Structures are given as C-alpha cells and as structure tokens.
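Please look over the sequence and the structure before reading on.

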Amino acid sequence: MSQLETPLFDALLKHRNRHPIQFHIPGHKKGQGVDPAFREFVGDNILSIDLINIAPLDDLHSPKGAIKDAQELAAKAFGADHTFFSVQGTSGAIMTMILSVVGPNDKILVPRNVHKSIMSAIVFAGAIPIFIHPEVDPELGISHGISAEAVEKAILEYPDAKAVLVINPTYFGVAADLKRIVDIAHGHDIPVLVDEAHGVHIHFHKSLPVSAMAAGADMAATSVHKLGGSMTQSSVLNVKEGLVSPKRVQSTLSMLTTTSTSYPILASLDTARRQLAIHGYDLIDQAIRLAQDARKRINKIPHLHCVGKEVLNSSATFDMDPTKLLISVKNLGITGHQAEEWLRENANIEIELSDLYNILCLVTIGDTRKELNLLINALQRMSESLDSDAAIVEPVVLLPDIPRLAMTPRDAFYATTEVISINEAVGRISAEFIMVYPPGIPIFIPGEIITEENINYIHMNVAAGLPVQGPEDDTLQMLRVIKEQQAIR
C-alpha cells in the first residue's frame with residue numbers, strides 16, 4: 001500500500017455510494033432522524049458515514065479489512081511495528097499502554113507532572129507509582145521533563161520496575177534526552193512508555209525533537225487530533241515488538257474501547273495520517289517558520305518573554321518544539337490566568353493554557369501569518385495597557401514536594417472514606433485526585449498523605465483563578481480521606 005491511500009475513508013465512501021437500506025444503528029439513518037437544525041449545520045456528508053462495524057467497514061476490536069490496512073499504513077508512517085487507532089482520545093491510549101504492562105503491586109517509574117489518565121490507569125491496574133522529580137525551571141515557575149540521570153538512579157533503586165513512563169515532549173514543548181533514557185531502560189530489559197500527546201508532528205520534521213518511535217521506545221500514545229489534523233478524540237497507540245506483546249495491547253484496548261466506535265473519527269485518523277506522511281514536512285516547516293518569527297516579535301514587546309532554546313541545558317531539557325509559544329507575563333504584574341482573560345475579552349483570542357506566570361499558544365499546520373499577526377498585535381496592546389502596573393516578579397517554584405505514598409492508589413480509591421474540611425486534612429490519607437487541569441498534574445493522588453505545603457499550593461492556585469479539579473466538592477472546602485479506625489472505649 002502507498003501512503004497516498006486512505007483505505008478506511010475509501011471504504012466508507014464506497015459503502016455510502018451504494019445507498020444501502022439500513023436496518024441497523026445509528027437510529028438517525030444517514031441523518032434522516034437527526035434534528036433538522038443540527039443536520040443543516042453539520043451537513044449530510046458526515047452523517048452519511050456515521051455508521052457501525054458492519055462487515056464491509058471492518059471492526060476496530062478485531063480489524064481484518066479496511067481498519068487493519070489503515071492501521072498498517074499508520075505504523076509505516078510513524079515508524080512503528082504496530083499502530084492501534086483510538087477513539088477514546090490519548091487518555092484511552094495511555095490507559096491501554098499502562099494496563100498492558102503492569103498489574104497489581106507492580107512498580108512503574110513515572111514523572112510527577114503526568115496527565116491524570118496515567119494516574120487513573122495506575123489505580124485501575126493496582127500498580128505502585130514510583131515518582132521521579134521533573135526538573136523545575138525557577139525562572140518560569142514550571143516543571144520540565146525528567147533527566148536520564150534520574151531515570152538511571154530510579155532503575156538502580158527499583159530494578160524490579162515493570163516500565164518507565166516518559167513525557168515527550170512536555171505540554172510546554174520541552175523534551176528530555178529520550179534516546180538515552182530508552183537505552184538506559186533497555187539495558188535493564190525495562191520497556192519505555194511515552195506520553196506523546198503533544199508530539200504527533202515531531203516524527204515528521206528533522207528540526208523537531210526525536211519522536212518516541214525514532215528513539216526506540218516500546219509504546220507511545222500520540223494525539224493526532226491535538227496537532228496532526230484529525231478530529232477531536234482521535235489518537236494512535238504506536239508499538240514496537242520485543243518487550244511488549246502487541247496481542248495483549250489489542251486485547252487491552254478492546255476492553256477499554258466502546259463497541260460503538262465513531263467512523264467519522266476513525267476516517268479522520270486515516271486521512272490525517274495521509275496528510276502527515278505526504279505533506280507533513282512542508283506543513284510543519286511552515287508552522288515552525290511562523291512560530292520562530294512570532295517568537296522574535298514577541299520578545300520585542302516590553303515585559304513579555306517568549307521562551308526559546310536558552311532553557312535547554314540538561315538531559316531533562318535536551319530539545320524543544322519551537323511551535324509551542326510559551327510566553328512569560330510575570331513582569332507585566334499579572335498572572336497567566338489574567339492574561340488569558342484579557343486576550344479573550346479584548347482580542348477574541350483563546351489560548352491553550354495559562355498558569356500563574358505564563359500563557360501557552362500553539363502554532364499548528366492550521367495557522368497562517370494572519371492569525372499570528374492578530375496574536376502579536378493583541379499582546380502588544382496588552383503590554384501597553386498594563387505597562388503602568390508592570391513590576392518584576394520572582395516566581396515561586398510551582399511543584400511542591402511529592403507527598404509520601406501510604407497505600408496503593410487503588411486500595412485508597414476503594415477504601416472506606418469520610419469527608420472532612422480541607423483545613424483539617426493535614427496528615428490524613430487522600431482518597432481522591434486533586435490536580436491543576438490543564439495540564440492535569442496531580443497535587444494529591446489517592447493513597448498520599450496530605451501535607452500543609454500542598455494544601456497551601458491548592459489555595460495559591462485557587463486564589464489565582466486557576467482550574468484546580470478532582471475533588472467531589474468543587475468548592476475545595478471539603479476533601480475525601482481514608483476513614484481512620486477509632487479505638488473502642
């Protein structure tokens with residue numbers, strides 16, 4: 001097969017053009033049963049391929065036809081031995097990846113700044129997370145990746161670990177020395193799993209950080225929808241044979257995936273792969289040039305700083321993706337959240353992420369110079385409007401110490417619990433997740449002992465207007481903790 005082909009998309013078009021009479025779900029029957037206003041808005045084409053796993057269209061749970069061919073083409077494009085399509089987003093692919101290699105009481109080495117889906121998978125598996133401190137940037141107040149040296153030290157201390165998980169690149173676009181980490185782990189026959197949610201494009205351009213498959217990693221959960229041109233909720237799980245079993249990966253994925261898989265989402269994966277394989281280099285090259293030009297222009301705006309390669313100084317900060325515009329606004333005397341609101345209210349611009357000191361803007365294959373000009377003009381206006389309030393701000397490092405794990409996350413999640421005031425929770429064992437999302441970094445996970453430092457960190461984020469999520473009580477006044485046994489008098 002050629003990368004020019006789209007076997008699944010073609011199969012859907014061929015089936016639609018036959019105009020079969022449908023006595024199967026979905027009940028809207030090619031759009032006839034859809035609300036007229038919605039149908040008029042989305043159009044008949046997308047509704048005509050909103051189908052199910054009938055024989056001519058293959059089955060994601062046991063692919064033997066068009067889906068199998070589409071996945072094989074994707075594997076060749078990504079340099080993998082096997083590629084599995086996910087309609088559960090990268091979260092579903094990450095859970096599959098972890099549940100394929102660890103089980104109850106197995107140890108897995110993970111950075112602390114991991115996405116919530118990773119911790120959810122660890123709870124489901126009953127595994128024990130061994131956290132590795134990411135490198136912290138005191139100037140930006142953010143965490144980067146984990147160093148190769150820290151991975152080596154962790155493996156020597158926990159030689160029975162069943163896997164190492166690495167983020168490549170981070171949400172902010174910084175990548176560790178992944179090839180070296182892979183070589184260290186493989187020297188101990190430990191598989192490397194990669195959260196590549198923000199790196200689908202890096203495999204298709206030589207100027208970007210090395211991709212998971214190019215570095216020799218065993219599995220990578222990769223968001224095609226984030227930066228690769230497919231529809232939201234579509235991702236891939238790339239696998240290399242050797243230390244992991246592709247058949248176990250397939251069966252695990254099937255356990256986690258809906259049987260009512262979305263064919264429009266699958267078709268968008270098939271066609272996005274074609275575009276990346278055939279035109280990806282040129283499209284990404286254009287995005288890189290737009291981003292680099294924007295970075296230079298932003299750095300001429302008073303009180304703003306757009307991060308560049310000056311942050312690369314260790315194996316944890318080994319390379320960077322220039323299409324991520326990480327802009328420090330601390331010297332404007334405002335938080336990143338306030339900058340996000342200013343851009344929304346005054347320029348109709350929506351950004352990817354804000355934190356206490358920064359905003360993050362993504363430049364993708366869908367951008368043109370027009371959008372970048374609008375962003376830079378808005379940033380210039382924001383700087384001018386806030387210039388009188390500008391003051392030098394010294395960031396507080398945003399990653400508090402990792403609390404001690406008193407019991408496995410799964411045992412804590414299913415334990416007998418009670419709800420108490422957050423102000424009385426210090427010293428108790430958390431029974432729920434608490435995180436800042438995005439990017440989804442945990443402050444507490446089930447099983448960790450609650451510390452005063454982390455409670456203060458929660459209050460600091462809430463006061464800044466940042467999205468602290470996870471607890472049942474969304475006002476963050478009460479926390480669910482493990483119920484303690486009281487002596488009977």
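## The chain as a whole

The model is predicted. Its chain contains 15 helices and 20 strands. The radius of gyration is 23 Å, close to the 23 Å that the globule rule gives for 489 residues, so the chain is as compact as a globular protein of that length. Along the principal axes, the C-alpha atoms fill a box of roughly 70 × 65 × 50 Å.

Of the 489 residues, 56% count as buried. The accessible surface of the chain comes to about 20,900 Å², and carbon and sulfur atoms account for 52% of that area. Among contacts between residues at least 6 apart in sequence, 73% join residues at least 24 apart.

## Helix H15

Helix H15 covers residues 452-463. With 12 residues at 1.5 Å a residue, H15 should span 16 Å, and the distance of 16 Å between its end C-alpha atoms agrees with this. The buried residues of H15 are Asn454, Ile455, Tyr457, Ile458 and Asn461. These residues lie on the same side of H15, because they cover an arc of only 155° around the axis.

The exposed residues Glu452 and Ala463 are carried on the face of H15 turned away from its buried side. After H15 comes glycine 465, which has a positive phi near 85°.

## Asparagine 113, a buried loop residue

Asparagine 113 is located in the loop between strand E2 (107-111) and helix H6 (116-125). Its relative accessibility is 9%, so asparagine 113 counts as buried, the limit for that class being under 20%.

The side chain of asparagine 113 makes a polar contact of 3.4 Å with the side chain of serine 143. The asparagine 113 side chain also reaches the backbone oxygen of histidine 144, at 2.9 Å. Neighbours within four places in sequence aside, asparagine 113 is in contact with Pro134, Ser143, His144, Ile167 and Ile441.

## Arginine 344 in helix H12

Arginine 344 belongs to helix H12 (residues 336-347). Because its relative accessibility is 35%, arginine 344 counts as partly exposed. When residues up to four places away in sequence are not counted, arginine 344 touches Ile349 and Glu350. The side chains of arginine 344 and glutamate 350 are joined by a polar contact of 2.9 Å.

Asparagine 373 is 29 residues from arginine 344 along the chain, and the C-alpha atoms of the two are separated by 16 Å.

## Backbone features in loops

Two cis peptide bonds may be noted here. One joins isoleucine 25 and proline 26, with omega about 5°; proline 26 is in the loop between helix H1 (7-17) and helix H2 (36-42). Another runs from asparagine 168 to proline 169, with omega near -15°. Proline 169 is placed in the loop between strand E6 (163-167) and strand E7 (174-175).

Positive phi values also occur in residues other than glycine. Aspartate 189 has phi near 60° and sits in the loop between helix H8 (178-186) and strand E8 (192-196). At 59% relative accessibility, aspartate 189 counts as exposed. For glutamine 233, phi is near 95°, and the residue lies in the loop between helix H9 (224-227) and strand E10 (235-239). Glutamine 233 has 41% relative accessibility and therefore counts as partly exposed.

Definitions and conventions. Residues numbered from 1 in each chain as written. Predicted model: local features only at pLDDT ≥ 70, side-chain atom pairs only at ≥ 80, totals over all residues. Heavy atoms only, no water. Helix = DSSP H or I, 4+ residues; strand = E, 2+ residues; numbered from the N terminus. Buried < 20%, exposed > 50% of the residue type's maximum accessible area, 1.4 Å probe, protein only. Polar contact = N/O pair within 3.5 Å; in protein donor to acceptor, adjacent residues only side chain to side chain. Contact = heavy atoms within 4.5 Å. Expected span 1.5 Å × (residues − 1). Arc of directions from axis to C-beta. Rg over C-alpha atoms; globule rule 2.2 N^0.38 Å. Areas by Shrake-Rupley, 256 points an atom, 1.4 Å probe, with all protein chains shown as cover.
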